[in-house]
Amino acid sequence: MKAFEWMSPKTIAEAVNALKSAPAPQDADDVARPIAGGQDLLTTMKDYITRPSRVVNLKAIRGLDKIAEDGKGGLRIGALVTLTQLEEHPVVRRSFPGLAEAAHSIATPQIRNLGTIGGNLCQRPRCWYFRLEEAVCLKKGGSECFAATGENKYNAILGGGPSYIVHPSDLAPMLLALGATLSVVGGDGKRDLALDKFFTLPADGNLRRENVLKNDDLITEIHVPASRFAAHSTYLKFKERDSLDFAMASVAAALTMGADQTVTEARLVLGGVAPIPWRAPNAEAALIGKTLTSDLLATVAGIALEGAKPLEKNAYKIPLTQTLVRRALARLGGLNA
């Protein structure tokens, strides 16, 4: 691990200034970094994937570790709220069950006790080549995405190219399905940002980054608005090991059902299959006005994976994700998938 300067500001303004005033980086991976739980940052530092000259500790800033109701049926969640706090909070469990399920699906209790919601949204990719110090891949300033023709079992089947990473966050698909927004504070002031505008595809954004945050930006709060489908939400995830593993594929689903048991609103977001949480609007539209049946679930699952372009070793993700879509919708509709 490269030597670095450690700072523990007491306020958000001090933290932003500490990030902004850090020595000019020689490379994109040398910029100053904020740290909260440190579950991802410390591993990237140990592997020399990130080499910050300054690390800014956010734990001393008061008020960022609270969950509060917004007075309208929604939630305001501080960026330093731990995954354990999130999964165990009674209001989250009662009114946003899919969010509690997503938090519970992450890693082990020990990691959930330290990992934060802000950190989970800002995780770096888990691609083998990106995590290998010696491999100077496209994400690290090289000229080639080695996964495109190499070991790509875990890589993207949707939205990939020129880099084929998948975003590792479990909270992101569920928060996107619930219409969450982020409060961001940086050198340019405070702004609110819809979560669907936060993540960037490799083809559209800065290849060295996965989101729109600037070097001196901090996520301070996540707002989950009240909605009719929040209480009727679920998160399903497939992973190779029962614990301490990332999603090979996942599905965040939320529905509103009318009195006649037809679907009136639907949100469907896929995880583990694209460089960003992948919303499936055509599949959502196919549900509206319909009564859930086994045949409809199969049709919607097929639509959700339309446009998938698997690499040599990850075509299994198509039927796997389709199965998760069917099971998630069946769970919400009380059916057998």
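**Figure 1. Buried residues of helix α5 in the predicted model.** The buried residues of α5 are Pro97, Gly98, Leu99, Ala100, Ala102 and Ala103. The model shown here and in the other views is predicted. Helix α5 spans residues 97-104 and is mostly covered, with 6 of its 8 residues buried.

**Figure 2. Strand β9 and its pairing with strand β10.** Strand β10, residues 249-257, pairs with β9 in the antiparallel sense over 6 bridges. Within this pair, Leu236 stands opposite Val251 of β10. In a regular strand, side chains alternate between the two faces of the sheet.

**Figure 3. The largest pocket and its lining.** The largest pocket holds about 1,100 Å³ of space. Its lining comprises 49 residues, of which Asp40, Leu41, Gly119, Cys122 and Gln123 are the closest to the pocket centre. By class, the lining residues of the largest pocket are 21 nonpolar, 15 polar and 13 charged.

**Figure 4. The second largest pocket.** A volume of about 450 Å³ is found for the second largest pocket. Arg126, Trp128, Tyr154, Asp245 and Phe246 are the closest to its centre among the 21 residues that line it. The lining of this second largest pocket is made up of 9 nonpolar, 4 polar and 8 charged residues.

Figure 5. A disulfide is a covalent bond between the sulfur atoms of two cysteines. With a cut-off of 2.5 Å between cysteine sulfur atoms, the count for this model is 0 disulfides. Cys122 is in no disulfide, and the nearest cysteine sulfur, that of Cys137, is 19 Å away. Cys122 is partly exposed, with a relative accessible area of 28%. For Cys127, the closest cysteine sulfur is that of Cys145; the separation is 6.1 Å, which is too far for a bond. Cys127 has a relative accessibility of 14% and counts as buried, because the limit for a buried residue is under 20%.

Figure 6. The search of the whole structure finds 2 cavities of 30 Å³ or more. The largest cavity has a volume of about 70 Å³. Of the 13 residues lining the largest cavity, Cys127, Cys137, Lys139, Cys145 and Ser163 are the closest to its centre. The lining of the largest cavity divides into 10 nonpolar residues, 2 polar and 1 charged.

**Figure 7. The second largest cavity.** The volume of the second largest cavity is about 30 Å³. His167, Ser169, Pro173, Leu270, Gly271, Gly272, Ala274, Ile276 and Pro277 form its lining. By class, these residues of the second largest cavity are 5 nonpolar and 4 polar, with no charged residue.

Figure 8. Gly161 and Pro162 are joined by a cis peptide bond, with omega of about 0 degrees. Pro162 lies in the loop between α8 (128-131) and α9 (171-177). Most residues other than glycine have a negative phi, and most peptide bonds are trans.

Figure 9. Tyr48 is not a glycine, yet its phi is positive, at about 60 degrees. The loop between α2 and β3 (54-57) contains Tyr48. With a relative accessible area of 33%, Tyr48 is partly exposed. Gln261, likewise a residue that is not a glycine, has a positive phi of about 70 degrees. Gln261 is located in the loop between β10 and β11 (263-271). Its relative accessibility of 46% places Gln261 in the partly exposed class.

**Figure 10. The chain as context for the close-up views.** The chain contains 12 helices and 12 strands. Its C-alpha atoms fill a box of roughly 60 × 50 × 35 Å along the principal axes. For 337 residues, a compact globule would have a radius of gyration near 20 Å, and the 20 Å of this chain agrees with that value. Of the 337 residues of the chain, 53% count as buried.

Key:
Residues are numbered from 1 along each chain as its sequence is written. This is a predicted model: local features need pLDDT of at least 70, side-chain atom pairs count only at pLDDT 80 or more; totals for chains, interfaces and linings use all residues. Side-chain values use heavy atoms; hydrogens and water are left out. Buried means under 20% relative accessible area, exposed over 50%, partly exposed in between (1.4 Å probe, protein chains only). Helices (H or I, at least four residues) and strands (E, at least two) are DSSP runs, numbered from the N terminus. Two strands pair if DSSP finds at least two bridges between them. On a 1 Å grid over the protein atoms alone, a cavity is a set of points where a 1.4 Å probe fits but cannot get out, and a pocket is an open set with protein on both sides within 12 Å along at least five of seven lines; lining residues have an atom within 4 Å of a point. Grid points are joined across faces, edges and corners, and a volume is the space filled by probe spheres set on the points. Ala, Val, Leu, Ile, Met, Phe, Trp, Tyr, Cys and Pro count as nonpolar, Asp, Glu, Lys and Arg as charged, and the others, Gly among them, as polar. The radius of gyration is taken over C-alpha atoms; the globule rule is 2.2 Å times the number of residues to the power 0.38.
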